[in-house]
Amino acid sequence: MRKVIEIKNLEYTYPDGTKALNGVDLEVFEGESVALIGPNGAGKSTLLLHLNGILNGNGSVKILGRDLMGKNIREIRNKVGIVFQDPDNQLFSPTVFDDVAFGPINMGCSQKMVKEKVKDALSQIKMEEYKDRCPHHLSFGEKKRISLATVLSMNPEILALDEPTSNLDPVSRRNMIRLFHELKLTKVIATHDMEMVSEVCKRAILLSQGRIVADGKVSEILTNEELLKSHGLDPPPLVRFLKQMGYKDISLSLKEMIGRKEFIR
Ligand SMILES: Nc1ncnc2c1ncn2[C@@H]1O[C@H](COP(=O)(O)OP(=O)(O)OP(=O)(O)O)[C@@H](O)[C@H]1O
Ligand SMILES: [Mg+2]
C-alpha cells in the first residue's frame, strides 16, 4: 500500500513558547481512515495543520511521497483538504457559493467546471439550497458542514478533519458519518466523538502532550479503558454498554461490528 503521509520526529513550538508537538512519528497509508484522539491541548489540531504546511515545525513531513516544502507546498495544498476545528477560520466569502468555489477557481477550473464542483460538493453534504446564503450568518453546525464542502470541491486525495461532528444535530451527524463511509479517500479525523470513531475508523492514534502514546486498532484502543482514562478520555457508549451487558471480550465484539453494514446504518 502507498504511504501518503510520512512524518518523522515532528516538533512544534508556538511563538509564545508553548510546545505543542514533541517528536511525532506517523505513517498513514492510502485509503486509511485514522482517528486522532487525545485530551484537550494534546496537539491534534496542531498536527493536522502540519499536513499541508499551514504550520511548519522541525522534523520531516512527506505528503504523497513529496517533502512538504518550497514548490511542493502549493501542489500538496490542492491534494490535502483540511477542515478546521473552527469554521470561522475557513469561511470568509460573501456567499456559500463563493467559499465553496474558492478552491476550484484557484486551481484554474473553468466557470462551468467550478459550478459543477460547487453543486457536487454541496449535494454531498446535502446543502445545495444554501448556495446563496451568507456563511457568516449560518449556525455553527451549518458552517461546519459548509467548511467540509469547501474542501470537497477540490477533490482532495487526503482529508484532514478537525472535530467534524462537533455541534451537528443527530441527522446531520449521521449524514456526515455516512458520507465518510462513501468517501474512499484517505482520512485523518481529529475528534472527541468516540462513537463516530468506532463506526468510521479502523485505526486510532492517541496523542497526549504532543506525543503519540498509542497507535493501533480502534477495536483495541477504544476498549482499553485504563489507557483512555489515563489520558482524560472515555470509551464510547457502545463499549460501556457491551461491558454492562457482560460481554467478556469487548474488543472482539467491536471488531466484528466495525464495517458491518447494519452497524453503520
Ligand atoms: N495559537 C496558539 N498559540 C499558543 N499556543 C497554542 C496555540 N494554539 C494551540 N496552542 C497550544 O498548543 C497545545 C496544543 O493545542 P491543540 O489545539 O493542537 O490541541 P488539541 O489536541 O487540538 O485540543 P482540543 O481537543 O481542545 O481541540 C495546547 O497546549 C494549546 O494551548
Ligand atoms: Mg483541536
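These legends describe close-up views of a predicted model.

**View 1**
Backbone hydrogen bonds hold the pairs of strands in a sheet together, and the pairing can be parallel or antiparallel. The next views show both kinds.

**View 1. Strand 7 (residues 158-162) is mostly covered.**
Five of its five residues are buried. Ile158, Ala160 and Asp162 point one way from the strand. Leu159 and Leu161 point the other way. In a regular strand, side chains alternate between the two faces of the sheet.

**View 2. Strand 7 pairs with strand 6 and with strand 8.**
Strand 6 (residues 80-83) and strand 7 run parallel and share four bridges. Strand 7 and strand 8 (residues 186-190) are also parallel, with five bridges between them. Follow Leu159 in strand 7. Leu159 is the bridge partner of Gly81. Leu159 also stands opposite Lys187 in strand 8. A helix belongs to this part of the model too: strand 7, helix 6 (residues 170-182) and strand 8 make a right-handed β-α-β unit.

**View 3. Strand 9 (residues 203-208) pairs with strand 3 (residues 33-37) and with strand 10.**
Strand 9 is mostly covered, with five of its six residues buried. Its pairing with strand 3 is parallel and has four bridges. Here Ala35 stands opposite Ala204. Strand 9 and strand 10 are antiparallel and are joined by six bridges. Two facing pairs can be picked out here. Leu206 stands opposite Ala214, and Ile205 has Asp215 as its bridge partner. Strand 9 and strand 10 form a hairpin with two residues between the strands. In this hairpin, Gln209 takes a positive phi near 50°.

**View 4. Helix 3 (residues 96-106) crosses helix 5 (residues 140-152).**
The two axes come within 7 Å and cross at roughly 35°. Helix 3 contributes Val96, Asp99, Val100, Phe102 and Gly103 to the contact. Helix 5 contributes Ile146, Ala149, Thr150 and Val151. By class, the residues of this contact are six nonpolar, two polar and one charged. In helix 3, Val96, Asp99, Val100, Ala101, Gly103 and Pro104 are buried. Helix 4 (111-124) and helix 5 are among the elements that cover the buried residues of helix 3. After helix 3 comes Gly108, with a positive phi near 85°.

**View 5. Ser147 is a buried residue of helix 5.**
Why does Ser147 count as buried? It has 28 C-beta neighbours inside 10 Å, and a residue is buried if it has 20 or more. Ser147 touches Val83, Phe84, Pro87, Gln90 and Leu91, leaving aside residues up to four places away in sequence. Ser147 and Asn89 are 58 residues apart along the chain. Their C-alpha atoms are separated by 9.2 Å.

**View 6. Thr191 lies in the loop between strand 8 and helix 7 (194-200).**
Is Thr191 buried or exposed? Thr191 is buried, with 23 other C-beta atoms within 10 Å. Leaving aside residues up to four places away in sequence, Thr191 touches Ala35, Ile37, Glu163, Pro164, Thr165, Met196 and Val197. Glu225 is 34 residues from Thr191 along the chain. The C-alpha atoms of Thr191 and Glu225 are separated by 17 Å.

**View 7. Ligand 1 has 13 residues around it.**
Which residues come nearest? They are Tyr14, Asn40, Lys44, Ser45 and Thr46. Helix 1 (residues 44-48) gives the largest share of the shell, three residues. By class, the shell has three nonpolar, eight polar and two charged residues.

Technical notes: Residues numbered from 1 in each chain as written. Chains lettered and ligands numbered in written order. Predicted model: local features only at pLDDT ≥ 70, side-chain atom pairs only at ≥ 80, totals over all residues. Near = placed C-beta within 6 Å. Nonpolar A, V, L, I, M, F, W, Y, C, P; charged D, E, K, R; others polar. Buried ≥ 20, exposed ≤ 12 C-beta atoms within 10 Å, placed from the backbone. Pairing = 2+ DSSP bridges. Right-handed = clockwise from strand over helix to strand, strands pointing away. Axes fitted to C-alpha atoms, helices over the stretch in contact; angles between N-to-C directions. Contact = placed C-beta atoms within 7 Å.
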